[in-house]
Amino acid sequence: MHIHPLERPKGGKRTEKIKRKQTLDLVFLKEGIDLLRQTCDVEVYDEEKPIPRDALLKGVAGIDGLLCLLTDPIDKEVLDAAGLQLKVIATMSVGFDHIDIEECKKRKIAVSNTPHVSTDSVAEFTVLLMLAVGRRLFDSAAAIKNGEWVYSWSPLLFCGQGLKNATVGIVGMGRIGQAVLKRLLPFGIAKALYYDVFHPIPPAEEMGAIYTPFEDLLKQSDYVVAMCNLSDETRAPNFYFRGGVVNQDDLYDALKSGQIRAAGLDVMVPEPLPKDHKLTTLPNIALLPHVASAEVSVRILMAEMAANNILNALNGKSLVSPVY
């Protein structure tokens, strides 16, 4: 999204022209767009694919505001193309590593993201993925499609491991980590361990989580859940889990050799993952296309939050969810 100031009509409000670069179907974003259109001109890139680089550079010229997605790299070149009048960038995502934050700070450009609204959705999906991987849901379902279900039943047919009496290690005990923990407790897990650079974390420990050094957590856990932010400290190969912080070559080797029983990824590198990537050849990995927060209600809330961040910035108000 971009914003150009237009002439203020006599006795009327100043109108801002907003061009929004978007890759999602507009039916999920109508609420956010409608908010902006009350006081702004809105231009939308509405194709079902990320905006091409040349179109982004051309489209940002002279804008006051930009609504982007995590598929839109907002770097120095884009900021230069936009111009000095750019006031605010709102990304409709929790992550903001696609935005050059330091360059935005230098230029005094406000930056916002959309945290909180997807916490419950991602936490639910995480538990879903844990159960699906642990209980071998995906390869069991595939067995029928592939003609591999050749006798009705046997004691060890597609046996996996559930959550009851399991030790679960959570790496990154922020909002989503705590939401995952809360949802795991009713399953009767035996123990919850956590590692976080910030500790102790009282809300987690009040639910029974035990702070554990990272290496010890790996050794003790039946399930390891990665909920850490992508940063210089957690970027692979120094860390082991989640897209960007997963060393996917090592993960492949560990799964292939049986060192790790199974894995589930919703975020990976690159995205989209090529269908012939070596990870796709493994029967003991579930690969999902970055859909943990993919609920219509969540997308609507994200669009509204991004729109309100832009409107607040234009009106000299504090952002709803500033990045810095």
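Reader: In E9, which residue is the bridge partner of Tyr194?

Author: Strands (E, at least two residues) and helices (H or I, at least four) are DSSP runs numbered from the N terminus. This is a predicted model, in which local features need pLDDT of at least 70, side-chain atom pairs count only at pLDDT 80 or more, and totals for chains, interfaces and linings use all residues. Residues are numbered from 1 along each chain as its sequence is written, and side-chain values use heavy atoms, leaving out hydrogens and water. In E9, the bridge partner of Tyr194 is Tyr211.

Reader: What is the strand order of the open sheet of four strands?

Author: Two strands pair if DSSP finds at least two bridges between them. Strand E8 (residues 191–195) and E9 pair in the parallel sense over two bridges. The edge strands, each pairing on one side only, are E9 (210–211) and E10 (223–226). With parallel pairing, the order is E9-E8-E7-E10.

Reader: Is Ser321 buried or exposed?

Author: Ser321 is found in the segment after helix H11 (296–314). With a 1.4 Å probe and protein chains only, buried means under 20% relative accessible area, exposed over 50%, and partly exposed in between. The relative accessible area of Ser321 is 5%, so this residue is buried.

Reader: Which side chain forms a polar contact of 3.0 Å with that of Ser321?

Author: A polar contact is a pair of N or O atoms within 3.5 Å; within protein, one must be able to donate a hydrogen and the other to accept it, and residues adjacent in sequence count only if both atoms are side-chain atoms. A polar atom of the Ser321 side chain lies 2.5 Å from the backbone oxygen of Asn113. The side chain joined to that of Ser321 at 3.0 Å belongs to Asn309.
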